[in-house]
Structure formats: structure tokens, C-alpha cells
Amino acid sequence: MIIKKADIVATAVKKNQYPSDDVPEIAFVGRSNVGKSSLLNLLTNRKSLARVSQSPGKTRTINFYSVNDTFRIVDLPGYGYAKVSKSVTDDWDRMMDEYFKGRTNLKAVVQLVDSRIEPTKLDVAMYEYLKGLGLDGIVVMTKCDKLSKNELNKNRSVVKKTLGLDENAVIIPVSALKKTGHDRLLEVFDNVLDN
């Protein structure tokens, strides 16, 4: 797959603000500051399609991006950011739950984890939640440029074990900085959209 066109089509906090469900969607979810925006910009070859921030917790809405006029990438709020109030995190949880359970055109969810650290309890909880909905199985390890090949292989095993991934799960190491790994993720998108 080559992404030639990508544009934001909707920003939502409630279901009635979602765009129509007439095209397939692939959602992105991960801890705050895991590199979702950087990866989205890399995939779409756009420097500022998704806003990259130095301070985590900036994505507070569900952002829908139309890609090649054939499917959407959906950027969900990051979880686990400690400096926001409980009411804000409750709102995020409600938003994500409503999206995951009510979106009939959702084809897959890509969960991002930081390649440098063991997945957190929240990462594990999110993976279990997605598994319960049948939306698990695609994990992206971000910020791989910070690791040697040996460290990456070791941490990949840790991710697989900590999240309890089965042999069919896809784990893709990426680096937005070095622009690596995204081509493999685009192949996965092709497979998801073909099925």
C-alpha cells in the first residue's frame, strides 16, 4: 500500500460527531507520549497531519483521518497520562469504549507500546480489553531507533510475554525518526482491508 492522500475528516468526543460508517476504519491506541502522532505522520508522509506534542496527553478527542479516499485511520486519546484529572480520564475511557463497541466498520486496532520499556499495567489491560472484543493482534513497538538490534530482540520477547501474545499476533518495530518499519504496517493494513 502507498498512501497518496490523507486528510482529517472529523474530530469527535461523542458518537453523533463520528463520520458515517460507510468505509472501513483502523484505530490506533497507546499510552500517552508513545509516538502515535509521529507514526501517523510517517505512514501518511505528512509532517503535521497529526499534531506532535512534547507534552503527553494532548490528544483529547477521537480524530478521524481519511486515507486514499478508501479507509480511515482513527487516532484515539492516549491513556495513562498522570497529570490529567480523574474526570478527564473517565471521559477518555467512555469515549474509547463507545467507539470500540459501537463502530461496525472498525476492522482492526493497532496498539502502540514503547520499545524501550516493558509494557505497563495499562498496556496489558488495554490488550486484554481489545482481546475480549476480538480486536487484538497488531502491536507496534515505537522508538526502536533508541535500541540496538540485540536490545530490540530482547524487548520484543518481553512485549510478547507481558501482553500474552499468541503465535498469530503481529509485532512490528518502527522508528518514525529513522523512517523504518512503517512499510510492514502498511502491508498489514492491506491484509486487513482485503479481508
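**View 1. Cover over the buried side of helix α4.** The elements covering the buried residues of α4 include β5, α3, β6 and β7. The model shown here and in the other views is predicted. Leu152, Asn155, Val159 and Leu163 are the buried residues of α4. These residues lie on the same side of α4 because they cover an arc of only 70 degrees around the axis. Asn150, Lys154 and Lys161 are exposed, on the face turned away from the buried side.

**View 2. Length and end of helix α4.** Helix α4 runs over residues 149–163. Its 15 residues, at 1.5 Å a residue, should span 21 Å; the end C-alpha atoms are 21 Å apart, so the two values agree.

**View 3. The open sheet.** Seven strands are arranged as β1-β3-β4-β2-β5-β6-β7, with mixed pairing. β1 (6–12) and β7 (170–173) are the edge strands, and each pairs on one side only. On average, neighbouring strands are turned by 25 degrees against each other, direction ignored.

**View 4. Strands β6 and β7.** Strand β6 covers residues 138–142 and pairs with β7 in the parallel sense. The pairing has 4 bridges. Val140 has Ile172 of β7 as its bridge partner.

**View 5. Helices α1 and α3 on the sheet.** Helix α1 (residues 36–44) packs on the sheet and touches β1, β2 (25–30), β3 (62–67), β4 (71–75), β5 (106–114) and β6. The directions of α1 and β2 make an angle of about 145 degrees. Helix α3 (residues 121–132) also packs on the sheet, touching β2, β5 and β6. The angle between the directions of α3 and β5 is about 165 degrees.

**View 6. The largest nonpolar core.** This core has 28 residues. Phe28, Leu39, Val110, Leu185 and Phe189 touch the most other members. Two or more residues come from each of β2, α1, β3, β4, β5, β6, β7 and α5 (182–194). α5 gives the largest share, 5 residues. In soluble globular proteins, nonpolar side chains tend to be buried together.

View 7. Beyond its neighbours within four places in sequence, Phe28 is in contact with residues including Lys36, Leu39, Leu40 and Leu43. A second, separate core holds 19 residues, among them Tyr18, Phe64, Leu76 and Met95.

Notes
Residues are numbered from 1 along each chain as its sequence is written. This is a predicted model: local features need pLDDT of at least 70, side-chain atom pairs count only at pLDDT 80 or more; totals for chains, interfaces and linings use all residues. Side-chain values use heavy atoms; hydrogens and water are left out. Two strands pair if DSSP finds at least two bridges between them. Axes are lines fitted to C-alpha atoms, for helices over the stretch in contact, and angles run from 0 to 180 degrees between N-to-C directions. Contact means heavy atoms within 4.5 Å. The expected span of a helix is 1.5 Å times one less than its number of residues. Buried means under 20% relative accessible area, exposed over 50%, partly exposed in between (1.4 Å probe, protein chains only). The arc is that of the directions from the helix axis to the C-beta atoms. A nonpolar core is a set of buried Ala, Val, Leu, Ile, Met, Phe, Trp, Tyr and Cys residues joined through side-chain atoms within 4.5 Å.
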